[in-house]
Amino acid sequence: MRLGAFHAGIAALLLATPACEVIDRARNRGADADTVVATVTDPGALLLRMEAPGLLRPGEEGTIRASITNQGRTAVRGARLDLFVPGWVEPVAPAPGAREVTMATSEEEGIRLSYRLDDPPLGPGRTETVEQKIRIPPAVAKAEGQLWGRVVRARLTGPDGRAVTEVESEISTIGVPGSDSVPPGPADTAVAARRDRLGPVSLGMTSAALRQAAPRARDTTWVREGSPGRGVTVPLGQGGRAVAVLSGDTVSRIAVRDTVTRTRERLGVGSRLSELREAYGRACADVVEGETVVWFPTAPGIAFALDVRPPRDAQQVRQAPDRIPGSARVTHWWLTRGADRCPSR
């Protein structure tokens, strides 16, 4: 779609795609943008890489870059790259003579931008790069300083129309004073969570049962503080997602990092500790995996990680959780089973 028709090209709802191959995610903490890499062996031993701007302020532009490298010995024909961005992001129309792009929208996927990769075919050792500029509207949130985030995904589709692999990152923006426009967020797209269940995923269910309940779930792996982890990324309503952390072959934790998915009290990523205290009462606290974490005896099964630097001596937060400032914000939260008593003081 050329420049003149770009903003008019809104198509029908997207069709669901099959589950993708295993995704290995790696974040480049030293860079301005996150880098996510996935490698597959069919077709053509393709490597998919994506870089997305981490934080864009209202009115700013940024660039999403996706590259596909053919590490195989044969040319790949008929492949397609899809970029999925939040609905409140404004894609910038391509310049004259730039790569053609088609656009479609849906409530679930947001905006899909599609690029053909077969002109010419992707030969052995060749890398094809797609760059898409995006703009954050000048007014995106009512509350000054309120953080909004959403997942950005790149999906590689093979000649047969099936998804080969998919990688993801997240872009965030921050509210400005006087804004009137509100992107999908906590107030109107909350996904209520039971204490042991979130969407189709429940604590204790097997990975096979989870994939049956959520056909679009995707395997994911990670390394945290030198220890490997394994789980399943599960799409939720309104663009939210959860990661079902596996212990053996069963779900032991359901983790949330997006700003859409909320507890049934409509709390989650971006909420202040003062709001948690107002909803749940007295907090317990500890240092877990290098993060300050709070939970509440009145809300068993839910724990919240905060953006507060943990003290060297964890006893400081264990003994005095009330000293954690109420302005601290939730960076991610999870559901799990186990005791919810405060640690010994």
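Me: Among contacts between residues at least 6 apart in sequence, what share joins residues at least 24 apart?
Reply: A contact means heavy atoms within 4.5 Å. This is a predicted model, where local features need pLDDT of at least 70, side-chain atom pairs count only at pLDDT 80 or more, and totals for chains, interfaces and linings use all residues. Residues are numbered from 1 along each chain as its sequence is written, and side-chain values use heavy atoms, with hydrogens and water left out. Among contacts between residues at least 6 apart, the share joining residues at least 24 apart is 66%.

Me: How many helices and strands does the protein have?
Reply: Both are DSSP runs numbered from the N terminus: helices are H or I with at least four residues, strands are E with at least two. The protein has three helices and 21 strands.

Me: Which residues of α2 are buried?
Reply: Buried means under 20% relative accessible area, with exposed over 50% and partly exposed in between (1.4 Å probe, protein chains only). In helix α2, the buried residues are Leu-273, Leu-276 and Tyr-280.

Me: Why do the buried residues of α2 line one face of the helix?
Reply: The arc is taken from the directions that run from the helix axis to the C-beta atoms. Looking down the axis of α2, the buried residues line one face because they fall within an arc of 55°.

Me: What covers the buried residues of α2?
Reply: Strands are part of the cover. It includes β19, β20 and β21 (330-336).

Me: How many aromatic pairs are there?
Reply: Rings of Phe, Tyr and Trp (its six-membered ring) pair if their centres lie within 6.5 Å; planes under 30 degrees apart count as stacked, over 60 as edge-to-face and the rest as tilted. By this rule the count is four.

Me: Is the pair of Tyr-280 and Phe-296 stacked, tilted or edge-to-face?
Reply: The ring centres of Tyr-280 and Phe-296 are 5.2 Å apart. Their planes meet at 45°, so the pair is tilted.

Me: What is the pair of Phe-296 and Phe-304?
Reply: Phe-296 and Phe-304 are both buried. Their ring centres are 6.3 Å apart, with planes at 70°, so this pair is edge-to-face.

Me: Which residues form one aromatic cluster?
Reply: Tyr-280 and Phe-296 are both buried. The cluster is formed by Tyr-280, Phe-296, Phe-304 and Trp-333.
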